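Here are some exercises to work through with the model open beside you. Try each task before reading its solution.

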Amino acid sequence: MKDFFNHGDLISVLTTQPIDRCLDYKAPEGGCFLGAFLEVPFGPRKILGVVWGPGKGDYDISKIRLALRVLDAAPMRAELKSFLQKAGDYTLTSMTTMLRLATRAPSLGDPPSMRRVYRRGTKPVVQMTKARAKVFDVISDYGDSPFTLKELSDLAGVSSSVVIGLKKIGALLEEQTPRDHPFATLDPSLPGKPLTQAQSTACDTILELLRKDRFSTTLLRGITGSGKTEVYLEAVAECIRQGQQALVLLPEIALTAEFLKRVQVRFGTLPAEWHSGVTMTVRRRIWKMAGQGGVQLIVGARSALFLPFRSLGLIVVDEEHDQSYKQEEGVLYHARDMAVLRASVAGAKVVLASATPSLESWSNAQSGKYHKVELRERFGEATLPELRAIDMREQELPSTRWISEPLRTQITKRIATSEQSLLFLNRRGYAPITLCRACGDQLGCSDCDARLVEHRFQKRLICHQCGASHPIPQTCPSCGAEDRLAAIGPGVERLAEEATALFPDARVVTLSSDMFGSTRALKQEIEHIAQGDADIIVGTQLVAKGHNFPHLTLVGVIDTDIGLQGSDLRAAERTFQLVRQVAGRAGRAEKPGLALLQTHQPEHSVIRAILSGDEVGFWNAEADAREVAAVPPFGRLAGIIISASDAEVAFDLGTYLARQKVALQSIGAQVYGPAPAPIARVRGRFRVRLLIKAAKTAPLQKAISEWLRQVKLPNDIRLSVDIDPQTFL
C-alpha cells in the first residue's frame, strides 16, 4: 500500500461519524501521508478523519469532495491502526467508534501557535465574591494547571469578565505559552530507593525481559507493602533509557497524588497525567506529545491505552485485578486485556502488578503464558497484619449498631496510642434502603428498578444507577404518612455516625468517592490521613487501593460477607481480593497491624482462605471449580444486552435471537435467556439479557457477528455485546 497520496488522489478516510464505513475523498493540496489526520467536509460541517488507505472509487468521481487540510499532528502509526482494528474485532465495535476512543482530545485541528493561559497570581483578592471564589476553587481542584479563558470560565460557571477582572487586579496571571510543547525530560539515571534482595531479584528478571526485542507479559505478584511500585519504576527507568515511552495505568484517580510524588523523586520531574481530573488543554497537549515523542511517561486511566504513542515500550497495569479496569458503557473492554493486546501489536512489554491477581492472570502465569515474578515479604521492618474473625452470631448488638464490642475495644486501644483505625464497609451513602413503616413501601427511583440510597450528608436520596437525586421527603410518597420513613441498613455515612457516637473525642473521616466535590479535594483528604490527621477512617473500596497510611494499625471489616451473596461467578474471587487488600492497609510501617473480619459465616471457604493466608490454595481451588464449569478463564462468555422503552419489545427480540441460533450452535455455543437484567429498568428503558457460553478456543466473535446480522434493529431498540462480561447487572 502506498504511503503518500498526491493532491487529488482518491483516499479512503475513516471518520468519527457513526456510519461504520470509510468515505472517499480527494487528497488535499500538498498531498497527505497514510495515517494523516485530516479535516474533511461532511455535509455542511467540518469533521475529523484519518487517511485509512487508497479510495475505492465506487462512487461518482465528480461528486467526491476534496479533503480540506492535514492537521498538525503526527500521522497515525500502523501499530495504533492495527491495535484499533484488533480491539474493534475483539469487542465487536465499529471502527468509527474505536477512532473516537483514539481521538479523545479537544481542538486537534487547531494550528500550532501561542495561546493565552491563566494561572493563580500572587496578589490577594480584597473583595472575594461568590463568582471569584468559584474560579479559585476550580484552579485548586486542577492543581494550579494553566487554563484558557473559556475553559476556566466554563468550569467555574462564571462569565469571562470575572476571570479578566481577576487578571486586572493581579490575582490571576495571563501568560503566552506555546499551544503544545514537550513535557520535562525524566532522568532515569537518578538513584532510586535502596532495594531489598527480593526486589533486586525481581528487578533483574523484569529488566532482562525488557532488553529482549520481543513482546512479553509479566505478572508481578507481591504481598501488600512488598514494594512492587519500586520494582516496576525501575522497569520504567530502563524503558526510558532505551529511548521508548512508558504507560502506567492506575485504577483510581485518587491514587495518583502519592504515586506522582514517588515518580518525581525517582526521575526528578513529574510525568504526564491522563484522566478525567485534568483539563482539556492538558489532554490535548498529552495527545499531541504522545504522537511526537514529546512525553516519556504517562500515568493514566484506562483510556490512556488509546493514545497515539510514537514508541511505546512498556505498559504497567497496577492493581491489575481491579474491577474498575472494565469499561461498562460505550465500548465494553477490559483495560488489562487491551494492554496486553496493545503491547503485542507494538512489540512492547507488559507488567501486571497485584497483591491479589485476577484468576485470568494467575492462570496465564501458571500455564507459562505469562512470566511470573513474586515478592513474598514486606519492605523493611513491616510485617503482614494478624487476621482474626469476629463471629457476629455470638455478638449481642442492637439493630442500629454494627461495630462489635471486640472491634470497639481494639479501636479504643489505638486511640490511646495515637494510632489509626480503618472501618471498611463497601456501601456508599447513609443507608441502602429507605422504608415507610406505615405502608411498607421502599423508596425507589422513578426511572430505574433500583432503590434510592440515602446520602444524609448531602440531604438527598440518590439512584446509584442513573444518578437521579431528590430531597429526602418528610412524608411517604406512597401513603402520605408523616415521620414514618426509616433508614434500613448501614452505609459508610451511618457507620461514621456510629463511630462518632462511640468515640466522641476521635477525629472520624469518611472516604467515599461520592463525598468530595473534586478529585483534588479527595487527594488532599488522603494526604491528610497519611500525615496522621485522623483517628478513625470509615471507607468504601476506595481505601483498599494502594494507599499507604503509616499510622494505620487496625482494620475492621464490618460486613465481610457482603460480596458473597448472589450468583456472580467472580463473587468469591472479588471478596478474597478486596478483603485481603483492605486488610493489607494495616501495619505497613514499624508497628504491627491487626485486621478483624466481622462475619456471620466464619466457616465459609473464602473467609477461611482469607484468614489462613493460603492464597495459592485459594487460587488453585477457584481455578479447579471454574475449569469444571468451563467458565472463564477456561471457557468463554459473552453478554447480549437489549434495551427498549417497551419491555415486551425487548423480550420479543431476545426470544427471536434465542431461537435463531444456528450460527452459535455451529461452534458449539450455548445460549441462555432471554431474562430480565437484575436491574431490569435503567433511565426509563427496560433491559433484557442473553448469555452465550462457548469453549475457550471457539471463534466466538465471528459467530456472534453472523448471528446478529440477521436482525435489523428498530430505532427504539439498542443492543450491545459484552465480550468477557465482568458483571451481569
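**Exercise 1.** Sort the lining of the second largest pocket by class: how many residues are nonpolar, polar and charged?

*Solution.* Start with the classes: Ala, Val, Leu, Ile, Met, Phe, Trp, Tyr, Cys and Pro count as nonpolar, Asp, Glu, Lys and Arg as charged, and the others, Gly among them, as polar. Sorted in this way, the lining has 12 nonpolar, 12 polar and 10 charged residues. Keep in mind that this is a predicted model, in which local features need pLDDT of at least 70 and side-chain atom pairs pLDDT 80 or more, while totals for chains, interfaces and linings use all residues. Residues are numbered from 1 along each chain as its sequence is written, and side-chain values use heavy atoms, with hydrogens and water left out.

Next, locate the pocket. A pocket is an open set of points on a 1 Å grid over the protein atoms alone, where a 1.4 Å probe fits, with protein on both sides within 12 Å along at least five of seven lines; a cavity is a set from which the probe cannot get out, and lining residues have an atom within 4 Å of a point. This pocket has 34 lining residues, and Y142, G143, S145, L270 and E273 lie nearest its centre. Its volume is about 880 Å³, where a volume is the space filled by probe spheres set on the points, joined across faces, edges and corners.

Finally, look at the elements, which are DSSP runs numbered from the N terminus (helices: H or I, at least four residues; strands: E, at least two). At least two lining residues come from each of β8 (114-120), α8 (256-267), β12 (272-274), α9 (280-292) and α14 (519-530). The biggest contribution is that of α14, with 5 residues.

**Exercise 2.** Examine α9: why can it be called largely enclosed by the rest of the structure?

Then check burial (buried is under 20% relative accessible area, exposed over 50%, partly exposed in between, with a 1.4 Å probe and protein chains only). In α9, 11 of the 13 residues are buried, so the helix is largely enclosed by the rest of the structure. Among them are R283, R284, R285 and K288. Just after the helix, G293 takes a positive phi of about 80°.

**Exercise 3.** Follow R284: which residues is it in contact with, beyond its neighbours within four places in sequence?

*Solution.* Begin with its setting: R284 is found in helix α9, and is buried, with a relative accessible area of 5%. Its contacts (heavy atoms within 4.5 Å) are with A105, P106, S107, L108, D110, P111, R179 and D180. From R284 to P106 the C-alpha distance is 5.8 Å, although the two are 178 residues apart in sequence.

**Exercise 4.** Search for cavities: how many of 30 Å³ or more are there in the whole structure?

*Solution.* The search finds 3. The largest cavity holds about 100 Å³ of space. It is lined by 13 residues, with H321, R570, E573, R574 and Q726 closest to its centre. By class, that lining has no nonpolar, 6 polar and 7 charged residues.

Now turn to the second largest cavity, of about 60 Å³. Its lining includes W287, K288 and G291, and divides into 6 nonpolar, 1 polar and 2 charged residues.
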